[in-house]
Amino acid sequence: PGDLDYTELEFFRKGSGRATSFVWLTGPGIYSGSLSFGSQNAGDSVTFDYKLIPYSAKGGSGGLHQVPVGLVSTEFHWIALFE
């Protein structure tokens, strides 16, 4: 989504277990949430506690948005890399 020339989707999982959360670099902002597998009916969503965090503007409000060039997910945080 959005007008970026690139996107990045990262998952966090402990060891060799299933992924428990995700973070997605998109045009409008960073979309993150938790994952739940196995307790859904057919067609139900596997994502919950999801949110879109808009990029902050350079130099205050009304400025250009500073967009990360990379992203990584950890158990409790995600880390964005900026130029």
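I take contact to mean heavy atoms within 4.5 Å, and I keep that meaning for the entries below.

**Entry on Ser-34.** Working in a predicted model, I looked up Ser-34 and found this residue in strand E3, which covers residues 29-35. Leaving out residues up to four places away in sequence, I noted that Ser-34 touches Thr-20, Ser-21 and Phe-22, and also Val-46, Thr-47, Phe-48 and Asp-49. I then looked up Lys-51, which lies 17 residues from Ser-34 along the chain, and read a separation of 9.8 Å between the two C-alpha atoms.

**Entry on the sheet.** I next asked myself in what order the four strands of the open sheet stand. The order I found is E1-E2-E3-E4, with antiparallel pairing. Strand E1 (8-13) and strand E4 (47-54) are at the edges, and because each has a single partner strand, one side of each is left without a neighbour in the sheet. Ignoring direction, I noted that neighbouring strands of this sheet are turned by 15 degrees against each other on average.

**Entry on E1 and E2.** I followed E1 to strand E2, residues 19-25, and found that six bridges join these antiparallel strands. For Leu-9, I wrote down Trp-24 as the bridge partner in E2.

**Entry on Ser-73.** I looked up Ser-73 last, and found this residue in strand E5, residues 70-73.

Technical notes: Residues numbered from 1 in each chain as written. Predicted model: local features only at pLDDT ≥ 70, side-chain atom pairs only at ≥ 80, totals over all residues. Heavy atoms only, no water. Helix = DSSP H or I, 4+ residues; strand = E, 2+ residues; numbered from the N terminus. Pairing = 2+ DSSP bridges. Axes fitted to C-alpha atoms, helices over the stretch in contact; angles between N-to-C directions.
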